[in-house]
Amino acid sequence: MARYEVEGKVAFVTGGGSGIGAAVSRVLAASGASVVVADISLGAAEMVAHDIENAGGKVMAVQVDVADPDAVDRVVQGIAGILGGLDIGINNAGVTGGGGLAGDYDTAAWRHVMSINLDGVFYCQRAEIQAMLAAGRGGAIVNLASVLGAVGAGRSPGYVAGKHAVVGLTKSAAIGHAVDGIRVNSVGPGYIDTALLSAIPPERMAELAKLHPLGRLGRAEEVAELVAWLASDAASFATGAYYPIDGGYLAV
Ligand SMILES: NC(=O)c1ccc[n+]([C@@H]2O[C@H](COP(=O)([O-])OP(=O)(O)OC[C@H]3O[C@@H](n4cnc5c(N)ncnc54)[C@H](O)[C@@H]3O)[C@@H](O)[C@H]2O)c1
């Protein structure tokens, strides 16, 4: 694991209790950031925080539902108050939204996936920007999109629409807040071997692996390296962009 220029910074990671968010929390903490692991499952966040603490990192676990704007505001203001501002926001919490063709996709499924994958990113990003403006020292935000923020998939209309929208929301925030020294980027992982894919049958997993020229699924840690770099001062000229990390998925 590489070390990144985030020493002494305060980082808020949503969906930090599992998969990519947990890996990002670990690499930021190992690089010297104070990390807030936020998840709808407090138990999951606490387990990741416990590991980080045992490894000597500065960390706290909090419960938040990113689909609840008031809760998001309370939590982000609270941690900025306790930890002395906010420097890094990683908006990573997400769900698959289930499968279905656009012609018969369920309204409740649509609302659910949008409320977390798009509204949740909007609420968290807004609260993070406000905390960064209040601290007056700029900041860096990374929003988790997907390869499905750049291309489609026939049976995931909600997920695909939400991830494309995250790429647009990222660009708008980056342009509007560049003057404030706040950088905002999105990341587009290919299929990554995490709990998010747990409902996919093994034979389908093998097919998914073949969609990547590298011939396998990615690992959460491989995505975390890119996210941590974007969050760090080494990425000082990177803003408003979408960065695939996909084993070649989008090159085909
Ligand atoms: N795994 C992949 O193949 C893949 C590919 C591309 C993009 N992504 C994106 O990366 C992000 C992380 O995915 P992952 O694979 O690590 O998933 P994961 O299921 O391992 O972890 C997601 C975490 O988000 C939390 N969460 C869910 N709903 C929440 C809510 N309302 N409020 C707060 N926390 C909530 C879950 O409890 C879980 O801990 C997601 O945005 C996902 O869409 C994943």
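A polar side-chain atom of T194 lies 2.5 Å from an oxygen atom of the ligand, a polar contact in the sense of a pair of N or O atoms within 3.5 Å (within protein, one atom must be able to donate a hydrogen and the other to accept it, and residues adjacent in sequence count only if both atoms are side-chain atoms). Taken alone, the ligand exposes 840 Å², and the protein buries 92% of that, with accessible areas computed by the Shrake-Rupley method with a 1.4 Å probe and, for residues, with only the protein chains shown counting as cover. This is a predicted model, in which local features need pLDDT of at least 70 and side-chain atom pairs count only at pLDDT 80 or more, while totals for chains, interfaces and linings use all residues. Residues are numbered from 1 along each chain as its sequence is written, and side-chain values use heavy atoms, with hydrogens and water left out.

| Residue | Protein atom | Ligand atom | Distance |
|---|---|---|---|
| T194 | polar side-chain atom | oxygen | 2.5 Å |
| K163 | polar side-chain atom | oxygen | 2.9 Å |
| V66 | backbone N or O atom | nitrogen | 3.0 Å |

The shell around the ligand holds 27 residues, and the closest are S18, I20, D39, Y159 and T194; a residue is near a molecule if one of its heavy atoms lies within 4 Å of it. By class, this shell has 15 nonpolar, 9 polar and 3 charged residues, where Ala, Val, Leu, Ile, Met, Phe, Trp, Tyr, Cys and Pro count as nonpolar, Asp, Glu, Lys and Arg as charged, and the others, Gly among them, as polar. Helices α1 (19–30) and α6 (157–177) each supply at least two residues of the shell, helices being DSSP runs of H or I with at least four residues and strands runs of E with at least two, numbered from the N terminus.

G16, in the loop between β1 (10–14) and α1, has a relative accessible area of 0%, and its C-alpha atom is 9.5 Å from that of E46, 30 residues apart in sequence. G218 lies in the loop between α7 (202–210) and α8 (220–231) and has 13% relative accessibility; the C-alpha atoms of G218 and T194, 24 residues apart along the chain, are separated by 9.1 Å.

P202, in helix α7, is exposed at 65% relative accessible area, and P202 and S236 are 41 Å apart, C-alpha to C-alpha. G136, in the loop between α5 (119–135) and β5 (139–144), is also exposed, at 63%.

Note on methods
Buried < 20%, exposed > 50% of the residue type's maximum accessible area, 1.4 Å probe, protein only.
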